Amino acid sequence: MSALDTNIEKLAGFLARFQDTGIKNRIAGQDCDGAGGVFQTRSPVDRSVICDVAHGTAQDIDVAAKAAADAFPAWRDMPATQRRKILLNVADAIEARAEEIALCECWDTGQTIRFMSKAALRGAENFRFFADQVVQACDGQHLKSPTLMNVTSRVPIGPVGVITPWNTPFMLSTWKIAPALAAGCTVVHKPAEDSPLTARLLVEIAEEAGLPKGILNTVNGYGPDAGKALCEHPLLKAIAFVGESRTGSEIVKQGADTLKRNHLELGGKNPVIVFGDADLDRALDAVIFMIYSINGERCTSSSRLLIQDTIKDKFEAQLIERVNRIKVGHPLDPATEIGPLVTQKHFDKVASYFDIARQDGATVAAGGETLGDTGFFLRPTLFTNATNDMRIAREEIFGPVLTSIPFSTEDEALRIANDTQYGLTGYVWTNDLTRALRFTDRLEAGMIWVNSENVRHLPTPFGGVKASGMGRDGGDWSFEFYMEQKHIGFATGPHKIMQLGKA
Ligand code: NAD
């Protein structure tokens, strides 16, 4: 039996239960129907219906928010060491079911098994990392003065809402939920309507691993009703959101009346800048990896290649050859490098840029066409002879589509790189250290890698500037968001108190 057939058979076993019962909401440890009935989730591989999903509305969000609020005091007051132990158990339990998570994620989103098997394990690592921070996160700072002992303590902010997108949904959900739980918050999670499978697995795994009921609640549904209700709910103190920039702006507006604290991880149109003095073989590998892996459906992908004119022709020729060899196919085949895009709507959007590029005068140097008519497959695409004012250089396409733009000087490269509404990541390839220091200092991005692809390191800050986001995750930055700082001053000496109204 081929690896693909084995994976298909295993997947069928994992999906059978969803096909019987559908995916329910999970509130206070109970399976619940949605007040809006059901909607269906489909596979982008062959457009088949996977199963029914509970359609949550404001009514369900209200029940879930109350469950999270009821569960909050006990979770907040649990000794940090015990909370740490539970979260480590969740990490182990995710690892034990990593294959199930990866196969379901691929079928639900079109992501390939070669990348998703790693993403499931990264989900476990997110829990493990933040579990280990729990003890420190509860600690405060003790600041002495002659007459006061000043204690700064941190307390969890309360029940919070987490809203996640469909791209690598399991990993991104754990990335938000693990630190929230570690900080002592309880959570209402609204996963993306287009990828509900692995969010269901996460809440189930967490409860089986010992997470008390009501600490993590999952309500499926659409953004304008369930998502909006989450942002507006007075019992929820903060919203951690990952998604598009224009949705991020809605999140802020919707939370204004209840003065929500917001953390926004939004879109990107990230530049990779390759100078003539770089190690071009490594740069080529990284350029290809950072736009064509994960179907290009990745916020940190480098979708604009800025290439120095001295090496442009040679680099682009090699790029075209490699892009044409990328294997598009069934996502459960371990040899596949690009699977189908997530939905019909997203597929149509990405494919529409093939004509837009031609109309704007760019060259379609590789790809530029869709494949077959059963699933949402298209060829990895490279546009050359582009300028930064074209739509293919300005808009987030969010697929396996790269736009190559030439530059001649460092100043020109910097101007083009920064000429965008976004500022999530940047990648700089040069062997000139002084240039790397100068360039990264002026590049407008929240995260920059020099001579490297994106390598996530959990203790470092993750987040964007400009329209790419507000706030940072990772290490202690996550606890800044999910906790409040509280100051308490204890008098330790007879300092003079000003006396009013005394004769
Ligand atoms: P999206 O904004 O359409 O949806 C994201 C989530 O928001 C979904 O759960 C959706 O139901 C919900 N939502 C939609 N409208 C809402 C509203 N009015 N109120 C509350 N919730 C609402 O994004 P998407 O298409 O699912 O995801 C792709 C986008 O996510 C891309 O722009 C990508 O760059 C971005 N992204 C960013 C990061 C990052 O770390 N910066 C990571 C992954 C994805």
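1. Helices and strands first: the protein chain carries 16 helices and 22 strands, counted as DSSP runs numbered from the N terminus (H or I, at least four residues, for helices; E, at least two, for strands). The radius of gyration comes out at 24 Å, close to the 23 Å from the globule rule for 503 residues, so the chain is as compact as a globular protein of that length. That radius is taken over C-alpha atoms, and the rule is 2.2 Å times the number of residues to the power 0.38. Along its principal axes, the C-alpha trace spans about 85 × 60 × 40 Å.

2. A word on the model: it is predicted, with local features needing pLDDT of at least 70 and side-chain atom pairs counting only at pLDDT 80 or more, while totals for chains, interfaces and linings use all residues. Residues are numbered from 1 along each chain as its sequence is written, and side-chain values use heavy atoms, with hydrogens and water left out.

3. On to the domains. The assignment gives domain 1 (3–222) and domain 2 (271–450); such bounds come from an automatic or database domain assignment. Their centres, taken over C-alpha atoms, sit 32 Å apart. Domain 1 puts 25 residues into the contact and domain 2 puts in 29, with contact meaning heavy atoms within 4.5 Å.

4. What does the interface look like in numbers? About 2,200 Å² is buried between domain 1 and domain 2, with 64% of that from carbon and sulfur atoms (accessible area, 1.4 Å probe, that two parts lose on being put together, summed over both). On the domain 1 side, the elements giving two or more residues are α1 (3–21), α4 (98–109) and α5 (113–138).
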